[in-house]
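Dear colleague,

I am passing this structure on to you, and below it you will find some notes on what turned up in it. Please read them with the structure open beside you.

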Amino acid sequence: MAGTAASGAAAVAQAIKASGAIVRLDEREFQRLVNRMDSPLVVRNQGGLGKRTFQYLTGYRGLVFHTKTQQRIHFPSGTEIIEARKIWIP
């Protein structure tokens, strides 16, 4: 049992190293960040069991930014949105 927990922790640590730093923002700050971009690209996922949730990711100046909300965020026209089947944040 301890070996399984240790291997799971090692997998999470490896995922964090592979993905780099992920900065969590509140919904309004995430939207302000996207509004500042010239050609924004946002990855979106809709999910949740019982309660609908939306997750969003975007990259800016070498960092990855993430937010999770109960409401869909509306972005400026021209924002490229990629619908993801799943977003997993370690």
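Two strands are said to pair if DSSP finds at least two bridges between them, and helices (H or I, at least four residues) and strands (E, at least two) are DSSP runs, numbered from the N terminus. This is a predicted model, in which local features need pLDDT of at least 70 and side-chain atom pairs count only at pLDDT 80 or more, while totals for chains, interfaces and linings use all residues. Residues are numbered from 1 along each chain as its sequence is written, and side-chain values use heavy atoms, with hydrogens and water left out.

The hairpin of β2 and β3 has five residues between the strands, and in it Gly48 takes a positive phi near 110°. Strand β2 (residues 41-47) runs antiparallel to β3 and is joined to it by five bridges, with Gln46 standing opposite Phe54 in β3. On to the next hairpin, that of β3 and β4, where two residues lie between the strands and Arg61 takes a positive phi near 50°. Here β3 pairs with strand β4 (residues 63-69) in the antiparallel sense over seven bridges, and Val64 in β4 is the bridge partner of Gly59. Six of the eight residues of strand β3 (residues 53-60) are buried (under 20% relative accessible area, against over 50% for exposed and in between for partly exposed, with a 1.4 Å probe and protein chains only), so β3 is largely enclosed by the rest of the structure.

How many salt bridges does a search of the whole structure find? It finds two, a salt bridge being a side-chain nitrogen of Lys or Arg within 4 Å of a carboxyl oxygen of Asp or Glu. In one of them Arg44 meets Glu83, with the closest N and O atoms 2.2 Å apart; because Arg44 lies in strand β2 and Glu83 in strand β5 (residues 80-83), the pair ties together parts that are 39 residues apart in sequence. Arg44 counts as buried, at 9% relative accessibility. Another salt bridge joins the side chains of Glu29 and Arg32 (2.8 Å, N to O), which are three residues apart in helix α2 (residues 27-36) and therefore separated by about one helical turn. Glu29 is partly exposed, with a relative accessible area of 28%, and Arg32 also counts as partly exposed, at 45%.

Lastly, Pro76 has its place in the loop between β4 and β5 and is partly exposed, with a relative accessible area of 33%. Leaving aside neighbours within four places in sequence, Pro76 is in contact (heavy atoms within 4.5 Å) with Val34 and Asn35.

With best regards
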